[in-house]
Amino acid sequence: MRFKFLTPEEEKKLTIEELTRYYNELREFYKNKDLGLGANINDKFHKIYGFASKFIRKYDFEIRGLENIPDNEQVIFVCNHSNAFDTYTMHETLKKLFYPLTGSDCLNPLSYALIGLAGGQFIDRNDKESCIKGTNKWIGKILSGVNGVIFPESTWCLHPGRLLLPFKTGVIRSAIKADMKLIPIVFFYHEVDEYCKNVNQIIDKCIVQIGKPISASLNDVIDNKVHDRKNELRDTLATMMWYIIEEYDIIPRNEFDPMIYVNHNELKKNTLLFKYKSKDEEKFIYHDDDYIYEEYPLNEVDIKKKTKRKNRESYE
């Protein structure tokens, strides 16, 4: 049995009754599919990664809010994204198998294989058709009985003063299509305020805060509230991060010595499994509806060297 998927443009042409029927048929189509042996293999690798994470990371780890994860209900976990450690953090935090929606265009062969073995659904962020088809496949996987993970920023947030980048509306639309609740999760990495020689020295503690479930419904589409909902979701994660900063009296990155900030960023961007290319990633930050961010065009601050002028230090 084949199912005809509609593009977002085609969905917009449907009446409310037609859209409701389409989403119901999509859910029934996937709920009747069996993931087969693939899910068992993915689950084995998920458990291996979760166990290995304890030895890979060189920092303390604290998880809060596990009681907010439903026991017998599939959900979509919504996470912030700031470095390559997020992959380990996900597998150590979430005990049940999950399928992350992952950009393949930034991965090397090794990281592509490792993420794929644990069930990652890949999309090419440069290709609109790949994004649509890949997201539909991902929704299908989680409707078959597995939780989903999505990073709505679409790339890493490396900015010294900004907690999060703009969210994409796909996170809300996916929850509506799948008829699943969203669980906000913050990965907060406390960085040391000193120069480091390798990436394992940057972080001394990771605090994972899991928030309460958030619902999205077809009414958000009907009332043209999808953009508002994704901004509210972003605000929720940002608030969770601020609570952590205040509780632990953490020094914000924008108060670090600028050269320490650059040092940390450069180490984070060059790891064995991932090479972050700033220029390639910039285009994934903004969207035509993110007009309020036009006056803040940077994701990171580029400081090339430190010089001394008239007995004072300056940065160029």
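Leaving out residues up to four places away in sequence, Gly120 touches Pro100, Ile115 and Lys141, where touching, or contact, means heavy atoms within 4.5 Å. Everything here comes from a predicted model, in which local features need pLDDT of at least 70 and side-chain atom pairs count only at pLDDT 80 or more, while totals for chains, interfaces and linings use all residues. Residues are numbered from 1 along each chain as its sequence is written, and side-chain values use heavy atoms, with hydrogens and water left out.

**The overall picture**

- The protein has 11 helices and 9 strands; these are DSSP runs numbered from the N terminus, with helices (H or I) of at least four residues and strands (E) of at least two.
- Of its 316 residues, 50% count as buried. Buried means under 20% relative accessible area, exposed means over 50%, and partly exposed is in between (1.4 Å probe, protein chains only).
- Take the contacts between residues at least 6 apart in sequence: 74% of them join residues at least 24 apart.

**Back to Gly120**

- You can find Gly120 in the loop between helix H5 (109-117) and strand E4 (121-123).
- Gly120 counts as buried because its relative accessibility is 9%.
- Gly120 and Ser104 are 16 residues apart along the chain, and their C-alpha atoms are separated by 9.7 Å.

**Helix H7 and its two partners**

- How much of H7 is covered? Mostly covered is the description, with 7 of its 9 residues buried: Val171, Ile172, Ser174, Ala175, Ile176, Lys177 and Ala178.
- H7 (residues 170-178) packs against helix H9 (residues 226-247) at an angle of about 105 degrees, with the axes 8 Å apart. That makes H7 roughly perpendicular to H9.
- Axes are lines fitted to C-alpha atoms, for helices over the stretch in contact, and angles between N-to-C directions run from 0 to 180 degrees. Angles under 35 degrees count as roughly parallel, over 145 as roughly antiparallel, 65 to 115 as roughly perpendicular and the rest as oblique.
- On the H7 side, Val171, Ile172 and Arg173 meet Val226, Arg229, Lys230 and Leu233 of H9. This contact of H7 with H9 divides into 4 nonpolar, no polar and 3 charged residues. For these classes, Ala, Val, Leu, Ile, Met, Phe, Trp, Tyr, Cys and Pro are nonpolar, Asp, Glu, Lys and Arg are charged, and the others, Gly among them, are polar.
- The axes of H2 and H7 come within 8 Å and cross at roughly 75 degrees, which makes H2 roughly perpendicular to H7. Tyr23, Leu26 and Arg27 of H2 and Ile176, Lys177 and Ala178 of H7 make the contact. Its classes are 4 nonpolar, no polar and 2 charged residues.

**The nonpolar cores**

- A nonpolar core is a set of buried Ala, Val, Leu, Ile, Met, Phe, Trp, Tyr and Cys residues joined through side-chain atoms within 4.5 Å.
- The largest has 45 residues, and Ile76, Trp138, Ile172, Leu182 and Leu233 have the most contacts inside it. Elements that each supply at least two residues of this core include H2 (16-31), H7 and H9. The largest share of this core, 8 residues, comes from H9.
- Apart from this core lies another, of 25 residues, including Met90, Val149, Phe187 and Ile203.

**Aromatic rings**

- Rings of Phe, Tyr and Trp (its six-membered ring) pair if their centres lie within 6.5 Å; planes under 30 degrees apart are stacked, over 60 edge-to-face and the rest tilted. By this rule there are 11 aromatic pairs. One of them is the tilted pair Tyr22 and Tyr23, at 5.7 Å centre to centre with 45 degrees between the planes.
- Tyr22 and Tyr23 are both buried.
- Tyr59, Phe85, Tyr88 and Tyr189 form one aromatic cluster.

**Two positive phi angles**

- Most residues other than glycine have a negative phi.
- Ser154, which is not a glycine, has a positive phi of about 75 degrees. Ser154 lies in the loop between strand E5 (147-150) and H7, and is partly exposed, with a relative accessible area of 26%.
- Asp179 also is not a glycine, and its positive phi is near 55 degrees. Asp179 lies in the loop between H7 and E6, and is exposed, with a relative accessible area of 54%.
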